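Trainee: I'm new to this one. Could you walk me through it with some questions and answers?

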Amino acid sequence: MSEQKKNIKLFVFVTAFYWFSMYAYIPTFSPYIESLGASHKMIGLILGSYGFTQMLIRIPLGIYSDRINKKKIFVNLGILLSVISTIGMWFAETPALILVFRSLAGASAATWVSFTVLFSSYFKDDDTAHAIGIINASNKSGQVVGMLLGGIVAQSLSQQYPFLLAAAAGIIGFALSLKVDENKKIDHKAITLKEIIKVAKNRSLLTVSFLAILMMMISHSTTFGFIPVAAKNLGATSFHLGLLTTITTIPGILSSYLSGSYFSKKLGEKNTVTIGFSLLAVSCILVPFVEDLYLLFFVQMLNGFSQGMIFPVLMGLSIKNVRANKRGTAMGFFQAIYGLGMFMGPIFVGTISDFAGLKMGFWMIGLVGILGAILTRFYQAEKV
């Protein structure tokens, strides 16, 4: 038991350093790309590449890792890819090279499924939810600290230095991950193409996955996309950008907890998601009207809180009506397909912004939130 506790504590730190390395440069990333001469469309393509590679890799990687019954090697590989990605972006001098190495970050993020499965194996089967809660808390903690320190480093040195900070955190995480123990008792049945197709036909899962695409379109085109550009236009420093992204994430942690423990029980799952999408739409539509940086902070807190209301409910609904022996397949499908939103959102806003201005980009992505609220009302549970 003491050995298991040791593995749990070690893995918590591995996870925190990993996500620190993935997010330390995010607050100043879009303005930095813009400073290299990239158009808004190119910025969108670079940001979207992160989700695109996840979408392509996640299901095949999950199938292969189940087949060889090994997870640790993919944890090691995921962190190593993050280090290579950040070092590559440090040296990159053109938007095209940034695109290549940001795509590599997406490949790194695709290994997240292996992180969650391996960590859960340190717990009893009936304690899986608790395990996921711990590793997600470690995930968010690493992101928040990374973004805050990344903003400070960018302010003190330059917008390029957060890449080095991220690489350093990744190297520490990789070194620690080498000491992680593989649980030899993990015995997951390989996911076959036939099973994936059967589960993917479920209407409930398709609806929830599509709603997740819409949410990811919004989050990755605003918080992790063009909000830093809008803030820069209001006079934000690199420190402000780090603080802005951080205070967007923190309300999401609170609402994520309340979403499952309070909102869903009091309001119902459909109402919780509907309200979340509505508030998310409002936060996007308000951005063009904001002329004060600190008011933008408030609007982004609403953005983060709304995302926290929506996503945990959608994740739960993705497997709620799926039989136990197919839940892994359903979750794999759900996680892979929402990568499409990460890819499409930034390109959508970037393309519109190049033609009609950034304000129009935010208004249009706000309409996506309204669409999400409307479509949620049509959700119907269907067992598979």
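**Cavities, pockets and rings**

Mentor: Happy to. Keep in mind that this is a predicted model.

Trainee: What volume does the second largest cavity have?

Mentor: Its lining divides into 3 nonpolar, 1 polar and 1 charged residues. The search turns up 2 cavities of 30 Å³ or more. For the second largest cavity, the volume is about 30 Å³.

Trainee: Now the largest cavity. Which helix gives the largest share of its lining?

Mentor: The largest cavity has a volume of about 40 Å³. Around it are Val 208, Leu 211, Glu 269, Lys 270, Val 273, Leu 314, Leu 317, Thr 376 and Tyr 379. Helices H10 (203-233), H12 (269-286) and H13 (293-320) each give two or more residues to that lining. The largest share, 3 residues, comes from H12.

Trainee: And by class, how many charged residues are in the lining of the largest cavity?

Mentor: Glu 269 and Lys 270 are both in the lining, and Glu and Lys count as charged. The rest of the tally is 6 nonpolar and 1 polar. The number of charged residues is 2.

Trainee: What about open spaces: which helix gives the most to the lining of the second largest pocket?

Mentor: That pocket has a volume of about 220 Å³, and its lining includes Ala 230, Asn 233, Val 287, Pro 288, Leu 358, Lys 359 and Phe 362. Two elements give two or more residues to this lining, H10 and helix H16 (358-376). With 3 residues, the one that gives the most is H16.

Trainee: How many residues of the second largest pocket's lining are nonpolar?

Mentor: Start with the others: 1 residue is polar and 2 are charged. Leu 234, Val 290 and Leu 296 are among the lining residues, and Leu and Val count as nonpolar. The nonpolar count is 9.

Trainee: Let's move on to rings. How are the rings of Phe 11 and Phe 115 arranged?

Mentor: A search of the whole structure finds 21 aromatic pairs. In the Phe 11 and Phe 115 pair, the ring centres are 5.9 Å apart and the planes lie at 75 degrees. Planes over 60 degrees apart fall in one class, so this pair is edge-to-face.

Trainee: Which helices does the pair of Phe 11 and Phe 115 tie together?

Mentor: Phe 11 counts as buried, at 0% relative accessibility, and Phe 115 is buried too, at 0%. The two residues are 104 residues apart in sequence, so the pair ties together separate parts of the chain. Those parts are helix H1 (residues 2-23) and helix H6 (residues 112-120).

Trainee: Which aromatic residues form a cluster with Phe 11 and Phe 115?

Mentor: The cluster takes in both of these Phe residues.

Trainee: Trp 19 and Tyr 23 make me curious about Gln 143. Is Gln 143 buried or exposed?

Mentor: Gln 143 lies in helix H7 (residues 128-156). Leaving aside neighbours within four places in sequence, Gln 143 is in contact with Trp 19, Phe 20 and Tyr 23. The cut-off for buried is under 20% relative accessible area; Gln 143 has 4%, so it is buried.

Trainee: Last one: how many of the 10 residues of helix H2 are buried?

Mentor: Helix H2 covers residues 26-35 and is mostly covered. Its buried residues include Ile 26, Pro 27, Phe 29 and Tyr 32, with Phe 29 at 1% relative accessibility. After H2 comes Gly 37, with a positive phi near 100 degrees. The buried count for H2 is 8.

Definitions and conventions. Residues are numbered from 1 along each chain as its sequence is written. This is a predicted model: local features need pLDDT of at least 70, side-chain atom pairs count only at pLDDT 80 or more; totals for chains, interfaces and linings use all residues. Side-chain values use heavy atoms; hydrogens and water are left out. Helices (H or I, at least four residues) and strands (E, at least two) are DSSP runs, numbered from the N terminus. Buried means under 20% relative accessible area, exposed over 50%, partly exposed in between (1.4 Å probe, protein chains only). Contact means heavy atoms within 4.5 Å. On a 1 Å grid over the protein atoms alone, a cavity is a set of points where a 1.4 Å probe fits but cannot get out, and a pocket is an open set with protein on both sides within 12 Å along at least five of seven lines; lining residues have an atom within 4 Å of a point. Grid points are joined across faces, edges and corners, and a volume is the space filled by probe spheres set on the points. Rings of Phe, Tyr and Trp (its six-membered ring) pair if their centres lie within 6.5 Å; planes under 30 degrees apart count as stacked, over 60 as edge-to-face and the rest as tilted.
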